[in-house]
Amino acid sequence: MRIVIAEDSVLLREGLVRLLREGGAEVLAAVANKDELLDAVEEFSPDVVLTDVRMPPGFSDEGLRAAQQIRGKYPHIGILVLSQYVELTYATDLLASASAPGAGGLGYLLKDRIARLEEMMDALERIQAGGVVLDPEVVSAAFSKPRTDPMATLTQREREVLELMAEGRTNAAIAATLFLSAGAVEKNISSIFTKMGLAPSQDDHRRVLVVLAWMKV
């Protein structure tokens with residue numbers, strides 16, 4: 001896996017380089033701001049970009065805006081955003097680009113909750129494969145919002161399945177986590193799609209669309 005890292009903190013940036021190389025990734029570049037990130041992506045064409053949200057000069061949302069520019073120009077490149085806080089607006093904006101045909105994977109994880117290198121590498125591999133990976137705290141925050149939409153009609157089991165879908169889990173992983181059969185998982189997912197009005201389509205990524213709809217409300 002070929003990766004470009006953008007993180008303004010020297011200690012964290014160098015730590016990420018060392019850890020990801022230890023995990024088997026090829027770190028092509030490690031940069032400190034938005035402009036350097038865009039230049040590195042153009043030069044190296046990585047499989048995945050790993051970026052902080054807040055970087056110089058404004059320390060607001062430079063990393064997210066860079067990620068959106070990268071997604072617009074190179075939609076096949078996977079993007080993992082690391083954040084210090086649960087910011088649903090950032091996560092929703094990022095996910096909005098994940099439903100396009102041929103789009104690469106996307107992820108939004110909290111820095112302080114990544115405890116093991118294996119977790120980071122697992123998330124990066126799922127993103128490289130085109131999946132969507134959200135931190136469980138982001139998932140929990142989205143579910144805690146008051147709802148008056150079709151999501152409110154989901155059963156408890158359907159909500160549990162949707163939470164795991166938002167974390168980027170496969171049907172097999174969901175079945176193992178919830179002690180369900182593969183058929184039961186597929187039945188719950190089908191019911192979620194029906195309640196959200198997401199008809200089968202060759203163009204839309206319904207797993208992404210249903211997570212995006214849930215986070216927007």
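Me: Which exposed residues sit on the face of H1 turned away from its buried side?

Reply: Leu11, Arg18 and Glu22 are the exposed residues on that face of H1. Exposed is over 50% relative accessible area, buried under 20% and partly exposed in between (1.4 Å probe, protein chains only). This is a predicted model, where local features need pLDDT of at least 70 and side-chain atom pairs 80 or more, while totals for chains, interfaces and linings use all residues. Residues are numbered from 1 along each chain as its sequence is written, and side-chain values use heavy atoms, without hydrogens and water.

Me: Okay, and which residues of H1 are buried?

Reply: In H1, Arg13, Leu16, Val17 and Leu20 are buried. They sit on the same side of H1, because they cover an arc of only 100° around the axis (taken from the directions from the axis to the C-beta atoms).

Me: What do those buried residues pack against?

Reply: The buried residues of H1 pack against strands S1 (2-6), S2 (26-31), S3 and S4 (78-83), and also against helix H5 (117-128). Helices (H or I, at least four residues) and strands (E, at least two) are DSSP runs numbered from the N terminus.

Me: New topic! What does UniProt list for Asp52?

Reply: An unreviewed UniProt entry lists Asp52 as "modified residue: 4-aspartylphosphate". Such annotations may be inferred rather than shown by experiment; positions follow the numbering used here, and feature names are shortened.

Me: Where does it lie, and is aspartate 52 buried or exposed?

Reply: Aspartate 52 lies in strand S3, which covers residues 48-52. Aspartate 52 counts as buried because its relative accessible area is 7%.

Me: What is aspartate 52 in contact with?

Reply: Leaving aside neighbours within four places in sequence, aspartate 52 is in contact (heavy atoms within 4.5 Å) with Ala6, Glu7, Asp8, Gly63, Leu64, Leu82 and Lys111. The side chains of aspartate 52 and lysine 111 are also joined by a polar contact of 3.2 Å. That term means N or O atoms within 3.5 Å, one able to donate a hydrogen and the other to accept it within protein, and residues adjacent in sequence count only if both atoms are side-chain atoms.

Me: Last one: how many helices and strands does the protein chain have?

Reply: The protein chain has ten helices and six strands. Of its 217 residues, 48% are buried.
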